[in-house]
Amino acid sequence: MNKLAVVAFGGNALLRSGQKGTYQEQLHNVEDTCRSLRSLIERGYNLVIGHGNGPQVGNVMLQHEAGRQLGIEAMPMDFCVAETQGSIAYLIEMGMRNVLGSSRNVVTLVTQVGVDAADPMFQNPTKPVGPYYTKEQADQLAAETGAAYREDPKGNGWRKVVASPKPTRINNIDIVKQLAEAGNVVVTVGGGGIPVVEEGSKVRGVEAVIDKDLASALCAVQIGADEFYILTDVPKVYINFRKENEQALDTITVAQAKQYLAEGQFAEGSMAPKVRAGIMFVENGGKECVITEAGQLDNPTCGTRIVR
């Protein structure tokens, strides 16, 4: 039976520094990443793919803002996540098809991910999303919509902020597992998933952003994946990053990873969430988490490995 791996695409798999985010740029970037994934398939892995959507969902919100100024109602955050799940997954499906031909089916599930309505993050939203506004515009929008806005630390203006709650469940996860174990490449939990809360027998979308690495880790745990790969823009995780005593990490235990986190070795909004996601996967039954860049995947010993 093939091994099962979950691979979380980083933002650079879709949009790289200095690029405008055109359709052709993103398709070219995705195909490059998909070529790297081919080595995992050739080594006998079934694959589930998660992905980020930060730049793309920001662009969608800009488009909605432009429409709002013309009298077209802007859509809420959960709707924007659903939009980008579909569009990015389309690029991934096309990239995998161009790389693999017809040897594997590639299927996408537009995925809702449950969060707890009582998650404390909802009381203190900190994740900036969408366009920048003046103070006056932000105050007006806050009064009209009830959303929270905060000033950008770099002085670019004011932005909407939303919660980043912990994912608690992934809808249709059994179907993800069945499809992957049957040999299909499955794209799911895009952008961390569409954030929803349960209200009795109903679900409701919420204004939130779920960390895509944590959602992918939860997916990996719930489908019983053997390995979890987090793709980023560096070949390994480093301590003392960009200092004279910088050190690349090959294999570290969960205990060592926690110690480095406590020491502040990994930046928030960058490597720290990835390391936490790796810890979560291994602590909940996973064999190992590999953090690396896509171009290294043809090397079976690539990246930084988090193990028990």
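**Note on the predicted model: sheets, helix packing and selected loop residues**

1. Lys20 counts as exposed, at 74% relative accessibility (exposed means over 50% relative accessible area, buried under 20% and partly exposed in between, with a 1.4 Å probe and protein chains only). Lys20 is found in the loop between β1 and α1; helices (H or I, at least four residues) and strands (E, at least two) are DSSP runs, numbered from the N terminus. Leaving aside neighbours within four places in sequence, Lys20 is in contact with Leu15 and Glu25, where contact means heavy atoms within 4.5 Å. Between Lys20 and Glu244 there are 224 residues in sequence and 34 Å in space, C-alpha to C-alpha.

2. On the basis of the analysis: this is a predicted model, in which local features need pLDDT of at least 70 and side-chain atom pairs count only at pLDDT 80 or more, while totals for chains, interfaces and linings use all residues. Residues are numbered from 1 along each chain as its sequence is written, and side-chain values use heavy atoms, with hydrogens and water left out.

3. An open sheet of eight strands runs in the order β3-β9-β2-β1-β12-β16-β17-β15, with mixed pairing; two strands pair if DSSP finds at least two bridges between them. β3 (106–108) and β15 stand at the edges with a single partner strand each, so one side of each is left without a neighbour in the sheet. From one strand to the next, the twist averages 20°. Axes here are lines fitted to C-alpha atoms, for helices over the stretch in contact, and angles run from 0 to 180 degrees between N-to-C directions.

4. The bridge partner of Val107 in β9 is Val186. Helix α1 (residues 23–42) packs on the sheet and touches β1 (3–9), β2 (45–51), β9 and β12 (227–232). The direction of α1 makes about 150° with that of β2.

5. A further open sheet has four strands in the order β8-β4-β10-β11, and its pairing is mixed. Its edge strands are β8 and β11 (202–205), each of which pairs on one side only. The twist in this sheet averages 45° from one strand to the next. Strand β4 (residues 112–115) pairs with β8 in the antiparallel sense over three bridges, and Pro167 in β8 is the bridge partner of Val115. Helix α3 lies across β10 (194–199) and β11, running at about 130° to β10.

6. Helix α3 (residues 77–100) also packs with helix α2 (residues 54–68), at an angle of about 120° and with the axes 9 Å apart. That makes α2 oblique to α3; angles under 35 degrees count as roughly parallel, over 145 as roughly antiparallel, 65 to 115 as roughly perpendicular and the rest as oblique. The contact is made by Gln56, Val57, Val60, Met61 and His64 of α2 and by Met77, Phe79, Cys80, Val81, Glu83, Thr84 and Ile88 of α3.

7. Which residues of helix α7 (residues 254–262) are buried? They are Val254, Ala257 and Tyr260. These residues cover an arc of only 125° around the axis, which puts them on the same side of α7; the arc is that of the directions from the helix axis to the C-beta atoms. Ala255 and Ala262, on the other side of α7, are exposed. The buried residues of α7 pack against β13 (237–239), β14 (247–249), β15 (251–253), α8 (272–283) and β17 (304–307). After α7 comes Gly264, with a positive phi near 75°.

8. The packing of α7 with α8 has an angle of about 150°, with the axes 10 Å apart. The two helices α7 and α8 are therefore roughly antiparallel to each other. Val254, Ala257, Lys258 and Leu261 in α7 meet Ala272, Val275, Arg276, Ile279, Val282 and Glu283 in α8.

9. Most residues other than glycine have a negative phi. Asn172, although not a glycine, has a positive phi of about 65°. Asn172 is found in the loop between β8 (167–170) and α5 (173–181) and is partly exposed, with a relative accessible area of 48%. Arg242, likewise not a glycine, has a positive phi of about 60°. Arg242 lies in the loop between β13 and β14 and is exposed, with a relative accessible area of 72%.
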